[in-house]
Amino acid sequence: MEDPSPGRKKKKITIAASLECIEMAKKALIRLGFESVSNFAKSKLISRSTVTKFFLGQPIQLDSFKRICEALKLDWREIAGLTEKAQPKQSPTSSYSNPDSDEVVEQVQLQHRKVTVIDKQSKKIKAVITLEGDADSVQNWNMIQSVLREYSGDTIEITDIKEGSIKLFVEGSPEDIEQLVSCIKSGELKEVTGFPAEDVQILSESSDDDESTESEEKWRLVQEIVSQPVKGRKLSGADLSDADLSDTDLSDTDLSDTDLSDTDLSSADLSSADLSSADLIHAKLIFANLSGANLSNANLIGANLSGANLSGANLSDADLSAPWFSNADLSDADLSDANLSGANLSGANLSNANLSNANLNSANFKGADLSGANFSGTDLNSFDLNHARLRNANLSSTTLSRANLSGADLNGADLRNANLSGADLNDTDLRNANLSGADLNNANVVDALFGGNTGLTDYMRRDLEQRGAIFGDRPPVRSPR
């Protein structure tokens, strides 16, 4: 198989199992001998989280939905509610506008497959309808099918959806397909739920019935990655979303611009892999080895990197808002300009990491090792860094006003021109720190340790002592009350 070529990531159609069909799927799971959802997911190389969403009736990507249904020997259209009985017929009008709906607009990507004009078993004719518009705006595929039936007959069913404008593959009886084609070509059916009807064509019989679809190619690639070494391979631009790639060796692999959203990469070896601009939304990277990996401009929103090794990784400009980094090894990692808002970095090793100008809004650093880290120019206003390990850290020009640094280890830290006004420095170790130009106005320095500092004038020293600071072994000199 040829390696996938780079390209823009496409939006994905998402579809959910109808509530009444979830029980049918659960019974099929038991009937086919799968002991658990986990075993089923593993056997089909689908991430467990994706299968769990399916059984909870939550939207998942169309190709994953079909794969699950196929494995359970179920008709995906029936499980999605697309083969339900037609709605009562209404008088056709020249257009059909989309009614108000509270349904969430799902992200969509269109898939396709080879089809033939005549299905030899059902004798149904197949056709493709092109609608003008953005498929992201489709709120209810069942509604579109219902409208098509109103203009033709109850045998019309959507069988597939393809990228492009909105290309619907439909099948039905010869009479119903003929009626539908006539309505569109004559202009009687101009719009379908607000989407203008551009074209309709009866499909010619395909001579390539055995040619693989995009979805089949995707899962064949997943099987290949799991079953044989792909170290150093070029997989740039590939779609590996929703796959279970846990424990695989992807070291030195080119995964730039690859779609790894909702992919299980736990314990995978991604050392020195190129993941630049990769989509890792909600990816599971627990205990993965990402040392030396290039994750610049990667999208890691909501990714779980707990316990992952990212030492020396390049995460500059990456979007890491709300990921889980608890106990992760991020030593020497380049996180400059990265979006880490809401990130859970509790217990993480960030020693010597570059966090300059990073967005750390609401990030959790509890128990993290930040010694030697570079925070220059970063906004840590009102941050909770209680008992943080910041020895030898670069905090020059950093905003730390009203930050909680009580009990923190800032021994040898570079605090030149740092804003520490109103900060809680109670019991903080500031020995050997460079305080040139630092603003310590209104900071709480009771029992804070100073000594060997650069940039402290005699006046500042006396002022700090009077406010409860300790210099060397000398007891604090407090102002009389």
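User: Where is Gln228 found?
Analyst: Gln228 is found in the loop between helix 8 and strand 8. Helices (H or I, at least four residues) and strands (E, at least two) are DSSP runs, numbered from the N terminus. This is a predicted model, in which local features need pLDDT of at least 70 and side-chain atom pairs count only at pLDDT 80 or more, while totals for chains, interfaces and linings use all residues. Residues are numbered from 1 along each chain as its sequence is written, and side-chain values use heavy atoms, with hydrogens and water left out.

User: Is Gln228 buried, partly exposed or exposed?
Analyst: Gln228 has a relative accessible area of 40%, so it is partly exposed. Buried means under 20% relative accessible area, exposed means over 50%, and partly exposed lies in between (1.4 Å probe, protein chains only).

User: And what separates Gln228 from Thr248?
Analyst: Their C-alpha atoms are separated by 9.2 Å, and the two residues are 20 residues apart along the chain.

User: What about Asp414: buried or exposed?
Analyst: Asp414 counts as buried because its relative accessibility is 15%. Asp414 is found in the loop between helix 8 (214–227) and strand 8 (449–450).

User: Which side chain does the side chain of Asp414 make a polar contact with?
Analyst: The partner is the side chain of Arg416, at 2.7 Å. A polar contact is a pair of N or O atoms within 3.5 Å; within protein, one must be able to donate a hydrogen and the other to accept it, and residues adjacent in sequence count only if both atoms are side-chain atoms.

User: Which residues have a positive phi although they are not glycine?
Analyst: His282 has a positive phi of about 60°, and Asp337 has one of about 65°. Most residues other than glycine have a negative phi. His282 lies in the loop between helix 8 and strand 8, and Asp337 is found in the loop between helix 8 and strand 8 too. His282 is partly exposed at 45%, and Asp337 is partly exposed at 43%.

User: Changing topic, how many residues of strand 3 are buried?
Analyst: Seven of the seven residues of strand 3 are buried, so this strand is largely enclosed by the rest of the structure. Ile125, Ala127, Ile129 and Leu131 point one way, whereas Lys126, Val128 and Thr130 point the other way. In a regular strand the side chains alternate between the two faces of the sheet.

User: Which strands does strand 3 pair with?
Analyst: Strand 3 (residues 125–131) runs antiparallel to strand 5, with seven bridges joining them. Strand 3 also pairs with strand 7 (residues 195–202) in the antiparallel sense, over five bridges. Two strands pair if DSSP finds at least two bridges between them.

User: What are the bridge partners of Ile129?
Analyst: In strand 5 the partner of Ile129 is Leu168, and in strand 7 the partner is Val200. Ile125 has Gly172 as its bridge partner in strand 5.

User: How many residues of strand 5 are buried?
Analyst: Six of the seven residues of strand 5 (residues 166–172) are buried.

User: Finally, how many residues does the largest nonpolar core have?
Analyst: The largest nonpolar core has 142 residues, and those with the most contacts inside it are Phe54, Leu310 and Leu315. Such a core is a set of buried Ala, Val, Leu, Ile, Met, Phe, Trp, Tyr and Cys residues joined through side-chain atoms within 4.5 Å.
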